[in-house]
Amino acid sequence: MTETVTANGFKLDTSGQRVVVDPICRIEGHLRIEVNLDDEQVIQNAVSTGNMWRGLEVILKGRDPRDAWAFTERICGVCTGVHALTSVRAVEDALKIQIPANANHIRNLMMLAQYTQDHLVHFYHLHALDWVDVVSALKADPKATSELQQSISPWPKSSPGYFRDTQARLKRFVESGQLGPFSNAYWGSPAYKLPPEANLMAVTHYLEALDFQREIVKIHTIFGGRNPHPNWVVGGMPCSFSLDGTGGINMEWLNLVSSIIDRSITFIDQVYIPDLKAIASFYKDWGFGGGLSSQNLLSYGDFPIVANDRSLENMMMPGGAIINGDLSKVHDVDVRDPEQIQEFVTHSWYEYPDENKGLHPWDGITEPHFELGPNAKGSKTNIEQIDENAKYSFIKAPRWRGHAMEVGPLARYVVAYARGNEEIKEQVDGLLHDLDLPLSALFSTLGRTAARGLECSWAAHKMRTVFDSMMANLKAGDTATANMDMWEPSSWPTDVKGVGYGEAPRGSLGHWIHIKDSKIENYQAVVPTTWNASPRDPAGNIGAYEAALLGTPVANADQPLEILRTIHSFDPCLACSTHVMSPDGEELATVKVR
Amino acid sequence: MPVDSDVDTLILGIGNILWADEGFGVRCVEALNARYEFDDHVRLMDGGTQGLFLLPWVSHVSRLLIFDAIDFGLKPGELRVILDDDVPQYMGAKKVSMHQTGFQEVLMSARLLNEQPQQRALIGVQPEQLDDYGGSLRDGTRQRIPEALSRACTLLDEWGVAYRERATPLDVLDLIGPGELEMSTYELGRPQ
């Protein structure tokens, strides 16, 4: 039997040609995708494998809980701040530490800045090139490009001369033979649909965004002290304010933050959002990649308005779970409940005493056990084909009440929409109206991409709200940034558990900690990519990546642009490299997954 | 502090200190900082595995010195110095790990913005072992740190960048990374 139906309702057929895409991603180590294509080149089975062990849990055992953030910051080269924040939150939760109002404001500002910068960079420097043909931009008419730009946005950099200069600069770069970030792509593929002028406009904004994103990073530098790895502290934030300018963060720097926020709002609303709409309007018929998004979505919610209160009403981004696509009911999520979040390893390269049961992260076990299934091809050091009926990934399979869930900006947006959040409803309805699309269009690769863009704008505007609240608090005389009452381990209980959780740009992130005799007894991180890239579970549910790839036609197996589009829409990593191999393992092409 | 324009020289260690020899670059900058003092226009940085986050610091200096673990196809522990236009090519030639692709893109992005440092140098070592998560440098790699430092000093001399032996030992406030990740502390804390 090659045809089956999964527990979560997806039809799989493994009879067709197998294609292996082996991108190397840094978030979870390496990521590999295998698909089966039918006679019409449509994906009928997809297998997501993380093929590098992430042993963070083991590294942290026995260390000082107050240092854990510095280690977790090194898990990944993109999400430094979110891991550090989640780690200090876990320790604060365990020790019942209340943080000052300013610390909450600064953390919110730093995370919102991270959303803004990360989403912007993801769109222009990773994902846009799945839709935008750089080489075609060389053929564009600068005058027509200028007209196009002026028809969609008031952004001032729009003269024919400006686009002519950019085009000439691009041409010199291409002719030098060093395409750099633009090398190894599928330029000229029929899957690209934009006219040359739209391509030139988007590539020009690629350069502008590259320049502008450096400004947003300064917010991290100002509040985090050291760069590129900001400082954090259990109990608050390690920076200090001095509005009169005697050391610490002064008015000059705060004014700089305020100006960066204003410029971020303008850039995103006048460049990113109009580009997103313009590009999307040419791909309205490419409705693939929905996967789990029309069924099961999860968000922990984040950005507490008032410090130390994680209630639903206090979250700028409300959390919850949607099951079976029923938007009329949003379920509350309790990360402490052992029945809600569980990780399974039946198909993961780990060992549990009982392989058919899931474990809540507080009871989590990270015991690696690498073995290939009986139907795998190749060897342990050179896997040619995965056997997905056996263990096949170093990523565990997290489930919420037994359901495979999608996390990320689309999940957050659908949950917030279903919760009736006015700001988000207005954004979503406005975009769908402008593009003349129904709500169901959100449940797709492009929907994921659109939600990320809207959220980038949301985050930039929220930076303004948070900054103003922080300034009001500072001007009222409260300059405290950290609560160090519980700093000394002698003040701690001997055996406690805590959880830090929130929403990283890529989705729901949780760190569960068990502290015993002032040392880390157990530490488990369930990261966004664990949810999205998860392998199957004992019930047979497939994860978000696997589900999203099903049903997608691939025009040319040697150039799996369609697979990359959908995987990129989840934002797996900043810089990845992909090898595309034929069924016999021969390397056909090397592409860049930016 | 925000990016300041008076810094014209960046000495950058890149790599993941949690992956054995991958930490070489960061450990070199740490050692350089422990031994020497520099003027204010020189910035030493633990770049970790950060990609585009490094662009603001890379794109406005005129001199860039990078320490890293690179697969040159040499014997483990061998050291090599690469200059100027050869730097990005080497970083992309054979990837030991993804941060090199990331960093190569940082250099290319700086070039796209017409803000590439005029002088660039890479001091790289051929790693011995990478897949020991939570481990530290292997002996053969660790022993190359003094040589890497002396090659760096030669380059700085050529560039006319001054440095002085520290008169008093490094203060904790001068560390370039969090104290708990400093090499000896990191190694002591490894679980058995």
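**A guided look at the model**

Biologist: How do α7(A) and α8(A) lie to each other, roughly parallel or roughly perpendicular?
Modeller: The axes of these two helices come within 10 Å and cross at roughly 80 degrees. Axes are lines fitted to C-alpha atoms, for helices over the stretch in contact, and angles run from 0 to 180 degrees between N-to-C directions. Under 35 degrees counts as roughly parallel, over 145 as roughly antiparallel, 65 to 115 as roughly perpendicular and the rest as oblique. α7(A) and α8(A) are therefore roughly perpendicular.

Biologist: Which pLDDT do side-chain atom pairs need in order to count?
Modeller: Residues are numbered from 1 along each chain as its sequence is written, while chains are lettered from A and ligands numbered from 1 in the order in which they are written. This is a predicted model, where totals for chains, interfaces and linings use all residues, local features need pLDDT of at least 70, and side-chain atom pairs count only at pLDDT 80 or more.

Biologist: How many helices and strands does chain A have?
Modeller: Here helices (H or I, at least four residues) and strands (E, at least two) are DSSP runs, numbered from the N terminus. For chain A the count is 15 helices and 18 strands.

Biologist: What radius of gyration does chain A have, beside that of a compact globule?
Modeller: The C-alpha atoms fill a box of roughly 65 × 65 × 50 Å along the principal axes. The globule rule is 2.2 Å times the number of residues to the power 0.38, and the radius is taken over C-alpha atoms. For 594 residues, a compact globule would come near 25 Å, which agrees with the value for chain A, 24 Å.

Biologist: What share of chain A is buried?
Modeller: A residue is buried if 20 or more other C-beta atoms lie within 10 Å of its own, exposed if 12 or fewer, and partly exposed in between, with C-beta atoms placed from the backbone. Of the 594 residues in chain A, the buried share is 55%.

Biologist: Which helices do the buried residues of α6(A) pack against?
Modeller: In α6 (residues 142-152) of chain A, the buried residues are A:P142, A:T145, A:S146, A:L148 and A:Q149. They cover an arc of only 160 degrees, taken from the directions from the helix axis to the C-beta atoms, which puts them on the same side of α6(A). Contact means C-beta atoms within 7 Å. The partners in chain A are α7 (160-175) and α8 (196-224).

Biologist: Which residues of α8(A) meet α7(A)?
Modeller: From α7(A) come A:F163, A:T166, A:Q167 and A:L170. Their counterparts in α8(A) are A:L200, A:V203, A:T204 and A:L207.

Biologist: Is A:E147 buried or partly exposed?
Modeller: A:E147 lies in helix α6 of chain A, and its C-alpha is 8.4 Å from that of A:S159, twelve residues away in sequence. Because A:E147 has 13 C-beta neighbours inside 10 Å, it counts as partly exposed.

Biologist: Which residue of β13(A) stands opposite A:I341?
Modeller: β10 (residues 341-344) and β13 of chain A pair in the antiparallel sense over four bridges. In β13(A), A:A397 and A:R399 point one way, A:P398 and A:W400 the other, and all are buried. Opposite A:I341 is A:W400.

Biologist: Where is A:D517, and is it buried or exposed?
Modeller: Most residues other than glycine have a negative phi. A:D517 has a positive one, near 50 degrees. It lies in the loop between β15 and β16 of chain A. With 9 C-beta neighbours inside 10 Å, A:D517 counts as exposed.

Biologist: How many of the ten residues of α10(A) are buried?
Modeller: The buried ones include A:L410, A:Y413 and A:V414. Helix α10 (residues 409-418) is largely enclosed by the rest of the structure, because the number of its ten residues that are buried is nine.

Terms used:
Contact = placed C-beta atoms within 7 Å. Pairing = 2+ DSSP bridges.
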